[in-house]
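I opened a new entry for this structure.

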Amino acid sequence: MVISKEEKMRNSFESKVFKTETVWFGPHEEMVVRGGRNLFPLLPKAFDGIRQIGVLGWGSQGPAQAQNLRESLEGTNIKVKVGLRSGSASWKAAEAAGFTEANGTLGEMMAVAGDSDLVLLLIADAAQAELYPELFKVMKKGATLGLSHGFLLGAMKINGDRFPAHLNVIGVCPKGMGPSVRRLYVQGKSVNGAGINASFAVEQDVDGKATDYALAWAVAIGAPFIFKTTLEYEYKSDIFGERGILLGAVHGIVEFLYRYYQAQGMSPEEAFRHSAESVTGPISKTISHKGIMGVYESLSEADKKVFRKAYGAAYAPAFETHYENYQEVASGNEIKSVLLAAERMKRIPMGKIDESSMWKVGERVRAVRKETEIPLDPFTAGVYIACMMAQIDLLAEKGHAYSEIVNESVIEAVDSLNPFMHYKGVSFMVDNCSTTARLGSRKWAPRYDYLLMQQAEPIWSRGAGEDSALWEKFMHHPVHAALATAASMRPSVDIAVVG
């Protein structure tokens, strides 16, 4: 496999503090840094020149990252201080977590930004787009701006703006929602390496320290493995992914299958077990531990035929929807959509997404659930994995690194997000995420549902679906080797979703 010079440059980096490793992800060689609590003593050196880290916001990522950073940096001279709007509804929540004005770890947002050497901007995306001119005015010359999502870069591109030349600009993007970042970090107190993988990016480096700042940030929030990307690639894959298999598509798939199975004669409870429960239970767990191919290999010969039939018909409508989704993200339309929604939600709040009969049936099913009795339905597996593989293929076609592809399309789904749906339903998964993700999931889930109904169901009704060329591609797909590498980088424990 010949790797382009551009690809090598994009995946290479140097650290003065942390050891790097080279690994093969499917067809590509990439550099990574292995995290772990054993690296915490290196954090003061890596954060050279940083005396205060300001964490702005208390949404999905803010509480997790602020608490993780505080605990990782305990005993150092680096302060973690939370910045919120005065009178914010989140103020009391931050105080309950131990960040207070009295101990100097809680303050007004812009004051904290002006006093901090590293400013982590973790407020809602739409708020970032509104407030960044004011933020840039108050930040110190030579300070570092940290982002956990590339949304702001996309919004600034729309406005024709650039980051101030006197700031470092870095990104550390956990491959999971904030509650997962916190839960696995807490579990990692007794099991080293338990955490959520993260990508990092260096958009601007004014003092030669930006790479180590980003790596230290990722280590400190508990990332077991850290991969390089760019903010542009990150926001495209992230905004696309959460509208795709991570949130929107999986929601649309299980809604479609729930109706489909009832049309085949199943009771509502049985249909829920074979759709949502199957995806978030045995299918996700098998992918997590044995890879995508592990699901297929676990099936009987008869069930393998059912899987291939489901896969063959579901792939094309999934790919079509992914393609449309990606174009909307890359063009900036989805970013504009989020900004328009922020204005709209001042009058019309987001509605609930678990009030339909399907999710009420799900409450009853979960109340009497026995994990060992949840079926790994081969038809459900074929549909779900077809959508997952279609997303992988599109991201590869668009030039994304395989570390980013497998994290955004597979690992984040099965190790971070699906367990939340499994525990308490679709809203508990979606609405623990960012506003951007919540909006995108609501917008795109019906699109995935609709195209499966319009394009795949008629094929199955004719008794067809298998596609030999598509199946040959699946069997020899480089993602299987990439996931074999990623399997050694999965969290050292399964996430324990509670409360």
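**Salt bridges**

I searched the whole structure and got 25 salt bridges. The model is a predicted one, which I keep in mind throughout.

I looked at Arg 369 and Glu 277 to begin with. Their side chains form a salt bridge, with N to O at 2.7 Å. I then checked where the two residues sit. Arg 369 is in the loop between α15 (357–367) and α16 (378–397), while Glu 277 belongs to helix α12 (residues 268–297), so this pair ties together parts 92 residues apart in sequence. Arg 369 is partly exposed, at a relative accessible area of 22%. Glu 277 has 2%, so I logged it as buried, the cut-off being under 20%.

Next I took Lys 443 and Glu 334. This is another salt bridge, and its closest N and O atoms are 2.7 Å apart. Lys 443 lies in helix α19 (residues 435–461) and Glu 334 in helix α14 (residues 333–344), so the pair links parts that are 109 residues apart in sequence. Lys 443 comes out as partly exposed, with 41% relative accessibility. Glu 334 is buried, with a relative accessible area of 1%.

Then I turned to Asp 431 and Arg 438. Their side chains meet in a salt bridge at 2.7 Å, N to O. Asp 431 is partly exposed at 24% relative accessible area. Arg 438 also counts as partly exposed, with 22% relative accessibility.

Which residues do salt bridges with shared partners join into one network? I found Glu 242, Arg 243, Glu 334 and Lys 443 in it.

**Whole chain**

I moved on to the fold. The protein chain has 21 helices and 10 strands. I asked how its radius of gyration compares with that of a compact globule. With 499 residues, such a globule would have a value near 23 Å; the chain has 22 Å, so the two agree. Along its principal axes, the C-alpha trace spans about 65 × 55 × 45 Å.

I looked up burial for the chain as well. Of the 499 residues, 62% are buried. I then checked contacts with a separation of 6 or more, and 82% of them are between residues 24 or more positions apart.

The accessible surface is about 19,200 Å², and carbon and sulfur atoms hold 51% of that. I counted 54 positive and 57 negative charges, and their mean positions are 3 Å apart.

Technical notes: Residues numbered from 1 in each chain as written. Predicted model: local features only at pLDDT ≥ 70, side-chain atom pairs only at ≥ 80, totals over all residues. Heavy atoms only, no water. Helix = DSSP H or I, 4+ residues; strand = E, 2+ residues; numbered from the N terminus. Rg over C-alpha atoms; globule rule 2.2 N^0.38 Å. Buried < 20%, exposed > 50% of the residue type's maximum accessible area, 1.4 Å probe, protein only. Contact = heavy atoms within 4.5 Å. Areas by Shrake-Rupley, 256 points an atom, 1.4 Å probe, with all protein chains shown as cover. Lys, Arg positive; Asp, Glu negative; His and termini not counted. Charge placed at Lys NZ, Arg CZ, Asp CG, Glu CD. Salt bridge = Lys/Arg side-chain N within 4 Å of Asp/Glu carboxyl O.
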